[in-house]
Amino acid sequence: MLEKTLVLHLSLKNDNSASRTNQSQLDEIVNLTKAIDLEVIVSDSVVLNSINISTYIGKGKTEYYAGIIKENEISLAVINTQLSPIQQRNLEKVWQCKVIDRTALIIEIFGQRAKTKEGVLQVELAQLTYQRSRLVRGWTHLERQRGGRGFLGGPGETQIELDKRVITENIVKIKKQLEEVIRTRQLQRKSRKKVPFPVVALVGYTNAGKSTLFNLLTKSNVFAQDLLFATLDPTMRKIRLPSGKNVILSDTVGFISDLPTELIAAFRATLEEVLEADVILHVRDVSHSDTLAQKTDVENVLKSLGIRDKVDRGLIEVLNKVDCLDEYSRKALLVSCSRHQKEYPISALTGEGVNLLLKGIEQALFSEKKKFKFKMYWEKDSAFIAELYQKGQVVHRIDAEDSILLEVYLNEIEKAQLKKSFPKYFIEA
């Protein structure tokens, strides 16, 4: 039987910074709740004059929803904001049910989606970091035993009794395991660089259609449904561009507004695939009413990961789900995109516009670069070889017993940097 759930979106009356409507944000948190098979019995948007330190929503509203919870036999309340440990504890005391905030819900979803060892470790790290910040004395009114890795389980796991020392020890242990994962990923990236394929990363708001596009381009069958956070563990496949050149396409976890900092930190190893990418495709759901706000959210996460320069220069915008637009909106979008080089209207479902997108990827990878050929010797040229792989785009490689021949694409900045450090090597093809 599905757990009966109350969902509340909370907002402040005079908050002018919100880029979305209250209804839109309520719809999103309801969909997030349904993403882990919780039964939403009541959902509501509450506009507050101010934040109550004890319960966030104030005494009157707290008592009002206590009645609804009791009447509907609700056992879980999801609050679309970040609650303090005291606020969470007090609400649970009055409502006599479990209460989780937005951060806990998203971590819970990630916990259910994680399949690989790496994904499970990353989620556990995020959960422990979150739990450590919320240990509150006097939480004796709650059940002392809970099950599962997450926040919604029943008897089994001694969650509340865990003190900060034990949690910290577990965090240290998991971080050591993740360091091994990071080293493995670095070795994998080095191996890929020996095979001269550029990397193209898909990023975007959750449920924008990244995995559907990935499946279309790679002829794969990666899990892709109309579901928030359908993709959690990154997937990489080789695809062929119109010219015949091969690239590696990487599908990544979807972003979301107010993505918990615990998750960004825990998933940094996974998201490093984006940092290392030669080209980033920002997949957007242009049929969504909040598409511009979602774009801003994704860009902010990317900037927080340390790739502000690529974001500021402009990502390749893949404007997905044009098949969901009405005729007028569709025509207006096509006219707008015709004026911008880095915008590609497509439908990952029908394939419309995908050929133009592939040509755009090729142009982004090679059009502003020139091809150079270098013949080097392993012993005396190893530093330059390493720099070529670091800064350039290697497209062909021939290994001999003591030498190596590389064909590399470099733009003017990359060429100038290399020429300054290694002036003797440059012979243009």
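Reader: Arginine 20: buried or exposed?

Author: Buried. This is a predicted model, and in it arginine 20 has a relative accessible area of 12%. The cut-off for buried is under 20%, so arginine 20 qualifies.

Reader: Where is arginine 20 found?

Author: In a loop. That loop runs between strand S1 (4-12) and H1.

Reader: Which side chain does the arginine 20 side chain make a polar contact with?

Author: Aspartate 297. The polar contact is side chain to side chain, at 2.5 Å.

Reader: And what else is arginine 20 in contact with, leaving aside neighbours within four places in sequence?

Author: Gln25, Tyr205, Ser257, Asp290, Ala293 and Gln294, along with Asp297.

Reader: Switching to the largest nonpolar core. Which residues touch the most other members?

Author: Leu105, Phe255 and Leu302. The core holds 44 residues.

Reader: What does leucine 105 touch, not counting residues up to four places away?

Author: Ile29, Leu32, Thr33, Ile36, Val78 and Ile100.

Reader: What lies apart from that core?

Author: Another core, of 25 residues. Val247, Val318, Ile346 and Leu358 are among its members.

Reader: Now the six-stranded sheet. What order do the strands have?

Author: S6-S7-S5-S8-S9-S10. The sheet is open, and the pairing is mixed.

Reader: Which strands stand at the edges?

Author: Strand S6 (235-240) and strand S10 (343-345). Each has a single partner strand, so one side of each lacks a neighbour in the sheet.

Reader: How many bridges join S8 to S9?

Author: Five. Strand S8 (residues 279-285) and strand S9 (residues 316-320) run parallel. One of the pairs is leucine 281 with isoleucine 316.

Reader: Which strands does helix H7 lie across?

Author: S5, S6, S7, S8 and S9. Helix H7 (residues 210-218) runs at about 155° to strand S7 (246-251).

Reader: Which H13 residues are buried?

Author: Val354, Leu357, Leu358, Gly360, Ile361, Glu362, Leu365 and Phe366. Leu358 also belongs to the core of 25 residues.

Definitions and conventions:
Residues are numbered from 1 along each chain as its sequence is written. This is a predicted model: local features need pLDDT of at least 70, side-chain atom pairs count only at pLDDT 80 or more; totals for chains, interfaces and linings use all residues. Side-chain values use heavy atoms; hydrogens and water are left out. A nonpolar core is a set of buried Ala, Val, Leu, Ile, Met, Phe, Trp, Tyr and Cys residues joined through side-chain atoms within 4.5 Å. Buried means under 20% relative accessible area, exposed over 50%, partly exposed in between (1.4 Å probe, protein chains only). Contact means heavy atoms within 4.5 Å. Two strands pair if DSSP finds at least two bridges between them. Helices (H or I, at least four residues) and strands (E, at least two) are DSSP runs, numbered from the N terminus. Axes are lines fitted to C-alpha atoms, for helices over the stretch in contact, and angles run from 0 to 180 degrees between N-to-C directions. A polar contact is a pair of N or O atoms within 3.5 Å; within protein, one must be able to donate a hydrogen and the other to accept it, and residues adjacent in sequence count only if both atoms are side-chain atoms.
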